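Subject: Handing over the structure

Hi,

Here is the structure I promised to pass on.

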Amino acid sequence: MKSSVLKVINPFDQKIVCELPWEEETTLNKKIGEAHQAWGQWRHLSLDERTKQVKIGLERFRSRSEAIAREITLQMGKPIAQSKREMETFFDRADYMISIAGKSLSPIVLPEKKGFHRRIEHLPLGVVFNIAAWNYPLLIPVNVIVPALLAGNTVVLKHSARTPLCGKAFETAFGELEIPGLVTNLVLTHQQTLSVIEDSRIHYVAFTGSVPGGSQIYRHSAKRFIDVGLELGGKDPAYVAEDTDLDFAVENIIDGACYNAGQSCCAVERVYVHHTLYEPFLIKAKKVLEAYQLGNPLEPGTTMGPLVSRSALELLENQVRDGITRGGRLIMGGKRLPDSEGNFFLPTLIADLPNRAELMQEESFGPIVPVMSVADDEEALKCMSDSRYGLTASVWTRDRERAEYFAQNLETGTLYQNRCDYLDPALPWTGMKDSGIAATLSEFGFYHLTKRKSIHFRER
C-alpha cells in the first residue's frame with residue numbers, strides 16, 4: 001500500500017526535504033479537464049500572443065532563480081554552482097526556441113501551381129503529457145514545455161518523485177497566465193502515470209528515463225495510437241585518437257564523465273584510447289579525477305555531490321566488481337565514500353576492461369571512467385558500435401576527415417568532434433537504437449509537438 005504522501009529525501013544528509021500529497025483521482029480528473037479546456041482557447045491565440053505569455057512565464061521563473069537552484073540541490077544533490085548553471089542554460093534554451101518559433105511554425109507554402117493553392121499547416125496536438133527525469137530537472141522539461149506552449153499545446157507535467165518541487169516551479173511560472181491551466185503539475189504514482197497516458201484527453205507523451213520505463217510508456221501509448229517522444233539514456237563512448245591534443249581531451253572527457261556526478265544520459269561512460277596514448281591518458285585522467293571535491297553540495301567549493309539514491313551506490317560497486325573480475329585494473333575509487341551519510345561514490349578510474357564488461361555495456365549513471373586500449377580507428381569504431389545504445393559519441397582528433405568517418409559509420413544521435421556531454425538547441429536532441437525515438441530542441445522539436453494538415457484548394 002502506497003504512502004499517503006510523497007517524501008523527498010536529501011541525498012546529502014538523508015533528511016526530508018518536503019512531503020507532498022499524491023493526486024486524488026477526482027482532483028486528477030479535474031486538472032486534466034482544465035488543461036484540455038485551456039488548450040481549446042490557447043490554440044486560437046496568435047503565435048505573437050502566445051510568445052508574449054511564455055515570456056511572462058519565463059520572467060516569473062527568473063524572479064525565483066535563487067530559490068529554485070537551491071531546491072534542485074536539496075532534492076537531488078547537484079552542487080549549487082551546477083544548479084545555477086542549469087538555470088542559465090534553461091533560459092538559453094527557452095530563448096532559442098522562442099527565436100525560431102516563427103520560422104518553424106509558419107505554414108509551408110508549396111510552389112505555385114496554376115489553379116491551385118497548396119500549403120502545409122503545423123497544428124498543435126492538444127494536451128502534452130511530459131514525464132520528466134530528476135537529473136536535469138529544469139532542462140529536461142523546458143525542452144518540451146516552452147516549444148509545446150509556443151506551438152499552441154498545453155502541458156500536464158509529471159516530474160520525478162525525486163524532484164517534485166521543480167514541477168511546482170513550472171506550474172507557478174506558466175500555469176496561471178492569461179489563460180489558466182497552460183502548465184499543470186501532477187504528483188503521481190507509477191500506476192496513476194499509466195492511467196493518465198490512457199486518458200483520451202492526452203494527445204502526446206514525452207518521457208525521459210530508463211529503457212524499461214520507456215518500453216512501458218510506449219506500450220501504453222500504443223493502446224490509443226498517440227505519438228510518443230522517448231529519451232532513454234545511453235552508454236556514450238569517447239575515442240581518443242593518436243593525433244589528439246591529449247591534455248584538452250583528458251580534461252573535457254573527465255568533465256563529460258563526472259559532471260553532475262556522472263548522472264547524465266549523455267555522460268561519457270566508456271573511453272577508447274589509441275594504444276600510443278593509453279598510459280599517458282590514464283596518468284593525466286587520474287590527476288584530474290583526484291582534484292574533485294566531494295562534500296556538502298550547498299557549499300560553493302564542492303565540485304561533486306552525492307548520487308541521488310543509495311541503490312545507485314550498490315549498482316556502481318557491482319559494476320566495478322564485475323570489471324575487476326574480468327581483468328580490469330582499478331586505478332582509483334571504485335567504492336562509496338566510507339563513513340558518510342551522503343550517497344557519495346568516489347571518482348573512479350578503471351583500465352584494461354574487455355568490451356563485454358558491464359562497465360562498457362550497461363548504463364552506470366555515476367562518476368566512473370572505464371578505459372580500454374584500441375589499436376586503430378577501425379577497432380575503436382567496432383567497439384563503440386558494440387552497444388544497444390546510440391545517444392551520443394565523441395571523437396577527439398585534429399583530423400576532420402577522421403571525425404567524418406565516425407559520423408558516417410557510427411549509429412548515434414549526435415557525433416561530436418572534440419566535445420561531449422552538451423546539447424546545442426539548434427540541433428535536434430535524438431537517439432538511435434535503445435536510446436529513444438523522436439526529438440526535442442531545434443525546428444524538429446516543434447515538428448514532434450505539432451501535426452501536419454494539408455491545405456489543397458482548387459479554383460473554379
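Let's start on the inside: the largest cavity holds about 210 Å³ of space. Lining its centre most closely are Gly 229, Leu 230, Glu 231, Ala 439 and Thr 440, out of 24 lining residues. Before going on, please keep in mind that this is a predicted model, where local features need pLDDT of at least 70 and side-chain atom pairs count only at pLDDT 80 or more, while totals for chains, interfaces and linings use all residues. Residues are numbered from 1 along each chain as its sequence is written, and side-chain values use heavy atoms, with hydrogens and water left out.

A word on terms. On a 1 Å grid over the protein atoms alone, a cavity is a set of points where a 1.4 Å probe fits but cannot get out; a pocket is an open set with protein on both sides within 12 Å along at least five of seven lines; and lining residues have an atom within 4 Å of a point. Grid points are joined across faces, edges and corners, and a volume is the space filled by probe spheres set on the points. Helices (H or I, at least four residues) and strands (E, at least two) are DSSP runs, numbered from the N terminus.

Back to the cavities: there are 3 of 30 Å³ or more. For the largest cavity, H5, E8, E9, strand E18 (429-430), E20 and strand E21 (439-440) each supply at least two lining residues, and E8 has the largest share with 4 residues. Sorted by class, that lining has 12 nonpolar, 11 polar and 1 charged (Ala, Val, Leu, Ile, Met, Phe, Trp, Tyr, Cys and Pro count as nonpolar, Asp, Glu, Lys and Arg as charged, and the others, Gly among them, as polar).

Why call E8 largely enclosed by the rest of the structure? Because 5 of its 5 residues are buried (under 20% relative accessible area with a 1.4 Å probe, protein chains only; exposed is over 50%, partly exposed in between). Tyr 204, Ala 206 and Thr 208 are buried on one side of E8, and Val 205 and Phe 207 are buried on the other.

E8 also sits in an open sheet of 6 strands, with the order E7-E6-E5-E8-E9-E20 and mixed pairing (two strands pair if DSSP finds at least two bridges between them). Its edge strands, pairing on one side only, are strand E7 (183-186) and strand E20 (436-437). E8 runs parallel to strand E9 (residues 227-231), with 5 bridges joining them, and it pairs in the parallel sense with strand E5 (residues 127-131) over 4 bridges. Tyr 204 stands opposite Asp 227 in E9, and Val 128 stands opposite Tyr 204 in E8. The bridge partner of Val 205 in E9 is Val 228.

There is another open sheet, of 3 strands in the order E3-E4-E22, with antiparallel pairing. Here, 9 bridges join strand E4 (residues 116-124) to E22, and Leu 123 stands opposite Lys 451 in E22.

The largest pocket has a volume of about 1,000 Å³. Of its 40 lining residues, Ala 133, Trp 134, Gly 209, Ser 210 and Phe 365 are the closest to its centre. H8 gives the most to that lining, with 5 residues, and the lining as a whole splits into 19 nonpolar, 15 polar and 6 charged.

The second largest pocket contains about 640 Å³ of space. Closest to its centre, among 28 lining residues, are Thr 89, Arg 93, Asp 421, Tyr 422 and Leu 423. H4 supplies the largest share of this lining, 6 residues, and the classes are 11 nonpolar, 8 polar and 9 charged.

Last, the cores. Which residues touch the most other members of the largest nonpolar core? Phe 61 and Phe 174 do, in a core of 59 residues (a set of buried Ala, Val, Leu, Ile, Met, Phe, Trp, Tyr and Cys residues joined through side-chain atoms within 4.5 Å). Leaving aside neighbours within four places in sequence, Phe 61 is in contact (heavy atoms within 4.5 Å) with residues including Met 87, Leu 138 and Phe 174. A second, separate core has 53 residues, including Leu 282, Tyr 292, Val 320 and Met 360.

Enjoy exploring!
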